[in-house]
Amino acid sequence: REARETRTAAAAPPLAFESAGNPGERRGRRVRSCRRQKNANMASAAPQPGVREAGSAAELDALLPRAGRSCVFFFAEWHEPSRRGGHMEQLLSGLASAFPDVGFAKVEAEAVPELSERYGVRVVPTVVLLEDAARVGAVEGVNPPELAEKLGLLRSGALAAAAAPP
């Protein structure tokens, strides 16, 4: 029986959602291993693939690298294109795949007002672009071409050079 449980745990996906599956002992093990994996990912300095959600300033600071390039998406559940599962989230997931060297995070603007204030977010959706944890650009509203262009500039370093004081 022990060998079978070991095989099952090894075959489990590296990340599991707490709401998935039937309640029980096996599910609890997967959730604990998921939490360990999540904590290991947050401790890593390199950007992790995909768009991860931050519910507080401390979570965002843990998710994004201090040195490097990052993209933070500020959304609101009441705004159709920017809410969870909406058009903007799908767009950002695709961009996260296209720009694996950029860390991507999302924040519900009204739920974490200190982050909205820190990055000067006045409207949703807003995507804030960061270089070494400093704001170097932003895209307000739903504008996929402009966002892709600015991400390309962020990757090349041209956006940080343009935002630097003379």
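**Close-ups of aromatic pairs, a serine and a cavity**

**View 1. Phenylalanine 73 and phenylalanine 75 are both buried.** Buried here means under 20% relative accessible area, with a 1.4 Å probe and protein chains only. This is a predicted model, where local features need pLDDT of at least 70, side-chain atom pairs count only at pLDDT 80 or more, and totals for chains, interfaces and linings use all residues. Residues are numbered from 1 along each chain as its sequence is written, and side-chain values use heavy atoms, leaving out hydrogens and water. Searching the whole structure turns up two aromatic pairs (Phe, Tyr or six-membered Trp rings with centres within 6.5 Å; planes under 30 degrees apart are stacked, over 60 edge-to-face, the rest tilted). With ring centres 5.9 Å apart and planes at 25°, phenylalanine 73 and phenylalanine 75 are stacked.

**View 2. Phenylalanine 74 and tyrosine 119 make a tilted pair.** Their centres sit 6.2 Å apart, with 55° between the planes. Phenylalanine 74 is buried, at 0% relative accessible area, and tyrosine 119 is buried too, at 8%.

**View 3. Serine 116 is tucked away as a buried residue.** Its relative accessible area is 8%. Leaving aside residues up to four places away in sequence, serine 116 touches Phe74, Ala109 and Val121 (contact: heavy atoms within 4.5 Å).

**View 4. Ten names to look for: Leu60, Asp61, Leu64, Pro65, Arg66, Ser70, Arg118, Tyr119, Leu130 and Ala133 line the largest cavity.** On a 1 Å grid over the protein atoms alone, a cavity is a set of points where a 1.4 Å probe fits but cannot get out, and lining residues have an atom within 4 Å of a point.

Definitions and conventions
1 Å grid on protein atoms, 1.4 Å probe; cavity = no way out; pocket = protein on both sides within 12 Å on 5 of 7 lines; lining within 4 Å. Buried < 20%, exposed > 50% of the residue type's maximum accessible area, 1.4 Å probe, protein only.
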